[in-house]
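Work through the exercises below with the sequence and the coordinates at hand. Each task is followed by a solution in steps.

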Amino acid sequence: MTIQKILLGFEPRPENLLSALHAINQQFGYISKANCYHVAEYFEMAPPKIYGIITGSEVLRDKPAADLEIQVCDSSFCKSKGSDQIVKEVENLLSIKANYPTSKFNLKTISCLGKCQEGPIMVVNGVIYEKVNPAMVDDILKNYL
Amino acid sequence: MLEITIDKKKYQADPNQSVLDLLRANSIDVPYLCDHENYADFCQKDSSGTGMSVCRLCLVKHRNQSEKKFTISTSCNLYPCPGLEVISQDQELARLRKINLELLFADHAGLCAFCYKNMDCELQSLAFKYDIDEFKFVPAAYEVTADEELELLYEKMSRRVIDIKNSSIARDSLKCIKCRRCEMVCRNIQTVDSYSKSHKAIRSNVSTEYLTPLECTYCGQCSSVCPTAAIVEKSNIADFQNAVNDPNKKVIVQTAPSVRVSLGEEFSMLPGTIVTKKMIQGLRQCGADLIFDTNLSADLTIMEEATELIERINKKNKPLPMFTSCCPAWVLFVEQHYPEFIRHISSCRSPQMMMGSLIKSYYAQKIELDPKDIFSVSIMPCVCKKYEAARGEFQKPNYREVDCSLTTRELGKLMRLKKIRFSELEDSKFDPALGMGTSAGAMFGSSGGVTEAALRTAYYFITGDNPENLAFEQVRGLSGLRNSKVKIADLELRVKVVHGLGHARAILEQLKKGQCDFDFLEVMACPGGCIGGGGQPIPTSPKIRQARAKAIYSQDDTMKLRLSHENPLIKKIYKEFLTQPGSRKAEKYLHTHYYPYHYRHKSKD
């Protein structure tokens, strides 16, 4: 499905912008600069504004996904259960820094997923791991490397 | 109109104007960094409140009639209601404002000592005023370990976006306090919309899309409203000083009509003080060899433009209506957004480039000097003139027609660097070779001036007589859009004068639909014309613009020469060099071409 076809599914009204962006994000995995210009032209909005919306969202991406997408919840409950330690462990194992994505790894701290009972929560490439402790991190990541 | 109480005094308030506007109108001192006086004239404050109540400095205490306790909130989105009681100054408010200011400073770079805008910065002056001496929200050096400090630095620097790709505007996100004034000006006044808030929370930033280098019309309004040095003009002071220190180069300076009415503000003079003579002496002390007047080339522009207009009407060789071409930001705006109207723009160069071309051809021949050995500097009220001087059309194989362009702010900075005491300078005059302009040229500084000057000369060209009443009052003023009809012999000329790109866009949209009710359109990209230009001293508010415009028109009343075609130097130049307006030679040296704009950075994915 091309970008034009996706856009034609929406009427060019401001209230449809977010759903259009979600559809593009789902199709391509992220919203590229060229696609941003297409959207801007279709909705008659300025490209910087659309970039602002993309970067303001947790779901929409402005860069292609990394090979390994790791998310660790750092809301209060998971934090009290020691999600900080998990973040540090991942950082040490992959020698990356949280919230500074590289092309290979992307470690992101996210807000609550509503699974506080099972915390701390770690998500690796869309798979949710519950009750993670720092010792488990190595084993989990081994499946993906 | 409502009656509200501010600090136990009664004031008449307009319910559609915020309390901050009222406080400002009555010159009650309230700090603010995200609101700006320029907004009021030009844009409706939208209910979503973009760019509003971001800085949290304009806090006031207020209560309704029915309430007993005072509430504290920002005054910029507080609207008057009957019986409102406001307290604008007290100890608690001062404490809260100080805390908010410290928070802004904590996010700010804190590199004042070697900042471009040091001692010239709105945030810094507020910090002085509120006596901020310690930074409670920034860990002191002894509180953090070396590793933590490194991490903090990494955190800060990894988010930094520096953009110095274009020749006009330099941006550094590290110094940004996210007040979003630039966004507001760019979106609502200029409708170019090249900035937006991006990312969230600690990473939030005001940036272009996908952090691409800025590619806009470079009008520079963002740099004139920025309270810090996050957006500044790209400085050419070093280029100027290098040329001055180079013994082989002859430094020739030209000064724009609107610089002389605003430069005084850089040295805390009243807005609208005419400082032509002191400015010339100051420039000589800065090391300029010769100083010429851009008013002269403004006169030349008028001669060429009036000729072109009459040609367009009579010969119909090019489409009507004709647009003026003195404002490079406007020309760039058409090239970028409305390339179908490029043929409507007058082919005349702007006064800056005409003077640059004259200096490196006519004058260089006259004094028998290689154009390479001349360093031509223009002092302009404009940031976009830097872009114009760097345009491809004005690059000759081994020299540039204008080597560098300084803004009014830069000139003030340069003079302060040289420790020149401006108010004590002696009077001096322009160099006679290319240094005499008429008041018609001087009016280029204000919106409507080009039209007025062109009408005077067009009148002469058509009828052979000068108009009886030289002042065309109907095109003057500072309202955004002015229409007027002028009868010259049996020809009725419909002129439109516009300033601010937002108004210009509205007219071009109408033109696109085929509604055309004018023959001549003057556009200045900045509000108020060059007197409100992007390179003018900060602050620029409607009141200050009015004072500057008044000074410009007062020159017109006092000067003897008020018609471009009567300027003896213009006659001499045409006799010796250009033969006549619109001739082959004039075409070569005074005219240019325009092309649809090709976005360099945006096309790359």
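The C-alpha centres of domain 2 of chain B and domain 3 of chain B lie 32 Å apart. The model is a predicted one, in which local features need pLDDT of at least 70 and side-chain atom pairs count only at pLDDT 80 or more, while totals for chains, interfaces and linings use all residues. Residues are numbered from 1 along each chain as its sequence is written, chains are lettered from A and ligands numbered from 1 in the order in which they are written, and side-chain values use heavy atoms, with hydrogens and water left out.

**Exercise 1.** Describe the interface of domain 2 of chain B and domain 3 of chain B.

Solution. 
- Step 1, bounds: chain B is assigned domain 1 (2-89), domain 2 (105-233) and domain 3 (237-590); such bounds come from an automatic or database domain assignment.
- Step 2, contacts: 20 residues of domain 2 touch 26 residues of domain 3, where contact means heavy atoms within 4.5 Å.
- Step 3, area: the two domains bury about 1,900 Å², with 53% on carbon and sulfur atoms. Buried area is the accessible area (1.4 Å probe) that two parts lose on being put together, summed over both.
- Step 4, charges: two salt bridges are found across this interface, a salt bridge being a side-chain nitrogen of Lys or Arg within 4 Å of a carboxyl oxygen of Asp or Glu. B:Arg409 and B:Glu233 form a salt bridge, with 2.7 Å between the closest N and O atoms.
- Step 5, elements: helix H7 (residues 221-225) of chain B gives the most to the domain 2 side, with three residues. Helices (H or I, at least four residues) and strands (E, at least two) are DSSP runs, numbered from the N terminus.

**Exercise 2.** How many residues of chain B are in contact with chain A, and which elements of chain B give two or more residues to that side?

Solution. 
- Step 1, contacts: 24 residues of chain B meet 20 residues of chain A.
- Step 2, area: about 1,800 Å² is buried between the chains, and carbon and sulfur atoms give 55% of this area.
- Step 3, charges: the count of salt bridges between the two chains is zero.
- Step 4, elements: helix H5 (146-157) and strand E8 (196-198) of chain B each give two or more residues to the side that touches chain A.
- Step 5, classes: that side of chain B has four nonpolar, nine polar and eleven charged residues. Ala, Val, Leu, Ile, Met, Phe, Trp, Tyr, Cys and Pro count as nonpolar, Asp, Glu, Lys and Arg as charged, and the others, Gly among them, as polar.

**Exercise 3.** Outline the fold of chain A.

Solution. 
- Step 1, content: chain A has seven helices and four strands.
- Step 2, order: from the N terminus on, the elements run α-α-α-α-β-α-α-β-β-β-α.
- Step 3, extent: the C-alpha trace of chain A spans about 50 × 30 × 25 Å along its principal axes.
- Step 4, domains: chain A is assigned domain 1 (3-56) and domain 2 (68-142), with 30 Å between their C-alpha centres.
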